[in-house]
Amino acid sequence: MLHFRSSAVLKELFEATLKRPLSGSRQKTWLPTRHCRFGTASVDARAASARLKVLYAATPYPALLRAAPRAASFRSYCTKTEGAAELLDEQLKKDGVAGGEESSDKRKNALPSLEDLLFHTVAEGQEKIPAHKFLTALKATGLRTGDPRLKECMDTLKETLRNTSDGVTLDRHLFKKCVQSNIVLLTQAFRKKFVIPDFQSFTSHIDELYESAKKLSGGQVADYIPQLAKFSPDLWAVSLCTVDGQRHTVGDTKVPFCLQSCVKPLKYAVAVHDHSTEYVHSFIGKEPSGLRFNKLFLDDDDKPHNPMVNAGAIVCTSLIKQGASNAERFDYVMNFLKKMAGNEYVGFSNATFQSERESGDRNFAIGYYLKEKKCFPEGTDMTSVLDFYFQLCSIEVTCESASVMAATLANGGICPISGERVLSPEAVRNTLSLMHSCGMYDFSGQFAFHVGLPAKSGVAGGILLVVPNVMGIMCWSPPLDKLGNSVRGIQFCTDLVELFNFHNYDNLRHFTKKHDPRREGGDQRQFSFGPLDYESLQQELALKAPLWKKVSPTESHQDSSTTVVYRMDNVTERN
């Protein structure tokens with residue numbers, strides 16, 4: 001509930017008009033407020049609303065911060081506005097806020113800068129901030145100091161600390177200098193405006209799920225590719241990246257491993273991005289096969305069933321950069337994957353490639369079968385395509401870099417940590433659809449039923465999981481079940497959806513509610529995740545609610561200092 005102290009005219013206005021309309025009565029001058037359904041608002045009502053905002057914004061900022069007894073809370077109703085415009089006009093004239101340009105100038109002069117407000121939030125009344133305190137607070141929001149979006153801020157911080165007397169602390173002026181290049185992103189982070197507002201609480205649950213799955217000891221490490229059999233069955237890692245670039249990792253997340261079949265949805269996305277859905281699916285179907293992933297079997301149209309089985313993936317490989325050499329094609333896909341990973345680690349295991357090619361009799365058989373059925377584009381060199389196929393399966397990632405790839409899919413093709421569009425929306429939509437229906441080998445139906453999220457598994461032990469519009473996750477543990485999926489990975493994904501409402505159909509009306517990490521404290525709140533500019537944020541700070549409040553030690557027993565401090569409050573907690 002919003003609390004604020006109004007002027008005399010506002011008090012008169014609200015006390016005179018806070019009444020519900022009689023049911024069935026027809027009013028033309030009802031001003032819509034929060035939680036109110038409405039039809040058509042009159043021009044007068046809209047004008048009154050606009051002038052109300054101007055009056056509130058033009059109030060000298062210290063007046064907003066002045067210590068005062070808490071006003072009685074009130075409930076928001078639909079507000080009748082007869083006479084409201086006249087009352088506001090009269091008060092505006094008294095306050096000298098009649099002109100639009102003048103009110104705009106006053107508003108700008110009244111508002112402190114975002115840099116100042118951020119400093120007072122972190123400083124908590126102190127005149128200087130230890131750099132480690134700022135970095136710790138930043139990490140709590142989910143952002144990393146190595147985030148590419150914060151590079152300028154971090155570089156300036158390092159340079160500034162080298163030139164300070166103690167090399168540790170920053171005063172207000174130096175702090176502002178460091179953060180000004182990334183102030184919009186930092187303000188969103190500290191105001192909990194990211195998709196997961198209470199990130200520390202969320203990651204504590206992730207750690208618990210990780211530890212629970214770690215206890216499992218079943219499954220066998222894949223050995224039909226000799227190089228894969230060398231991995232320890234005790235390796236277990238989970239990394240996640242949200243669409244806002246919040247990061248969390250736990251376990252063996254820096255150990256490189258090969259994508260294997262996890263690369264299939266990624267190269268399919270590249271093919272659709274380069275060509276079109278119609279062109280790609282003139283060679284490959286869209287249906288689950290109901291058969292093992294490496295079967296020599298085609299659909300009734302003599303096409304592979306889908307791009308997630310070996311036959312479909314081999315044909316999909318032939319569609320990328322047709323006519324180019326394998327070296328050019330490989331570099332092309334590698335550059336795509338590096339962009340998806342925000343330029344984090346993407347490598348290549350030549351040993352795995354050689355091992356794949358030496359033990360790839362089944363895939364060679366599939367290749368010749370596809371060639372016999374004329375499944376490839378005209379002029380395709382089948383053996384060259386198979387070499388390229390083995391190369392793509394041997395691309396290495398870590399859990400951390402792969403989670404950014406998954407987050408790029410969750411974010412509609414835009415990499416969260418670079419802001420670069422890598423894939424078209426069409427390519428992402430089609431990729432997620434096929435991952436949902438065909439991505440988990442013969443377990444795809446069960447996974448769609450119980451987990452309800454797009455995913456792709458690989459025989460190296462990885463599971464690439466996408467929570468659309470929220471985050472991407474990579475789980476990795478080499479021991480596999482009889483269907484070729486990671487035992488620990490399947491358990492983690494199942495437990496994740498049992499705890500959080502990430503299942504595709506968890507949010508149906510009247511459905512049993514699970515915890516929603518997208519809402520702070522589980523409350524139903526609205527968040528805006530789009531990019532904001534400096535002025536928009538500054539105006540929002542003034543118009544939506546008194547976000548910054550002055551706290552005196554005489555009013556709060558929790559602060560024993562004699563310095564008056566400023567704190568940043570989340571907008572959503574006031575609405």
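Among contacts in the protein chain (heavy atoms within 4.5 Å) between residues at least 6 apart in sequence, 69% join residues at least 24 apart. The model is predicted: local features need pLDDT of at least 70, side-chain atom pairs count only at pLDDT 80 or more, and totals for chains, interfaces and linings use all residues. Residues are numbered from 1 along each chain as its sequence is written, and side-chain values use heavy atoms, with hydrogens and water left out.

The protein chain holds 23 helices and 16 strands. These are DSSP runs, numbered from the N terminus: helices are H or I with at least four residues, strands are E with at least two. Of the 575 residues, 50% count as buried. Buried means under 20% relative accessible area, exposed means over 50%, and partly exposed lies in between, with a 1.4 Å probe and protein chains only.

Start with the helix pairs. Two packed helices are described by the angle between their axes and the distance between the axes. Axes are lines fitted to C-alpha atoms, for helices over the stretch in contact, and angles run from 0 to 180 degrees between N-to-C directions. Helix H7 (residues 131-140) packs against helix H8 (residues 151-163) at about 165°, with the axes 12 Å apart. H7 and H8 are therefore roughly antiparallel. The cut-offs are under 35 degrees for roughly parallel, over 145 for roughly antiparallel, 65 to 115 for roughly perpendicular, and oblique for the rest. H7 passes H8 in a left-handed crossing. A crossing is left-handed if the near helix is turned anticlockwise from the far one by less than a right angle, and right-handed if clockwise. On the H7 side, Ala-131, Phe-134, Leu-135 and Leu-138 make the contact; on the H8 side, Met-154, Leu-157 and Leu-161 do. The residues of this contact divide into seven nonpolar, no polar and no charged. Here Ala, Val, Leu, Ile, Met, Phe, Trp, Tyr, Cys and Pro count as nonpolar, Asp, Glu, Lys and Arg as charged, and the others, Gly among them, as polar.

Now take helix H6 (residues 114-123) and helix H9 (residues 172-179). They pack at about 115°, with their axes 9 Å apart. Their crossing is right-handed. Glu-115, Asp-116, Leu-118, Phe-119 and His-120 in H6 meet Arg-172, Phe-175, Lys-176 and Val-179 in H9. That contact divides into four nonpolar, one polar and four charged residues. H6 is mostly covered, with nine of its ten residues buried. Among the buried ones are Glu-115, Asp-116, Leu-118 and Phe-119.

Next come some backbone angles. Most residues other than glycine have a negative phi, and most peptide bonds are trans. Glu-124, which follows H6, has a positive phi near 55°. Lys-192 has a positive phi too, near 60°. Lys-192 sits in the loop between helix H10 (183-190) and helix H11 (199-214). Its relative accessible area is 32%, so Lys-192 is partly exposed. Tyr-441 has a positive phi of about 55°. Tyr-441 lies in the loop between helix H20 (425-438) and helix H21 (444-450). With a relative accessible area of 9%, Tyr-441 is buried.

Turn to the strands. Two strands pair if DSSP finds at least two bridges between them. Three strands form an open sheet in the order S8-S10-S9, with antiparallel pairing. Strand S8 (257-258) and strand S9 (346-348) are the edges, each pairing on one side only. Three bridges join S9 to strand S10 (residues 395-397). Gly-347 has Glu-396 in S10 as its bridge partner. Helix H15 (residues 326-340) packs on the sheet and touches S9 and S10; its direction makes about 150° with that of S9.

Cys-258 lies in S8. Its relative accessibility is 4%, so Cys-258 counts as buried. Beyond its neighbours within four places in sequence, Cys-258 contacts residues including Ser-349, Cys-393, Glu-396 and Ala-460. Cys-258 and Gly-458 are 200 residues apart in sequence, yet 8.8 Å apart in space, C-alpha to C-alpha.

Finish at strand S13 (residues 471-476), where six of six residues are buried. In a regular strand the side chains alternate between the two faces of the sheet. In S13 both faces are covered: Met-471, Ile-473 and Cys-475 are buried on one side, Gly-472, Met-474 and Trp-476 on the other. Strand S6 (residues 237-242) pairs with S13 in the antiparallel sense over six bridges. Leu-240 stands opposite Ile-473. Strand S12 (residues 462-467) also pairs with S13 in the antiparallel sense, over six bridges. There, Ile-463 stands opposite Cys-475. The hairpin of S12 and S13 has three residues between the strands, and in it Asn-469 takes a positive phi near 65°.
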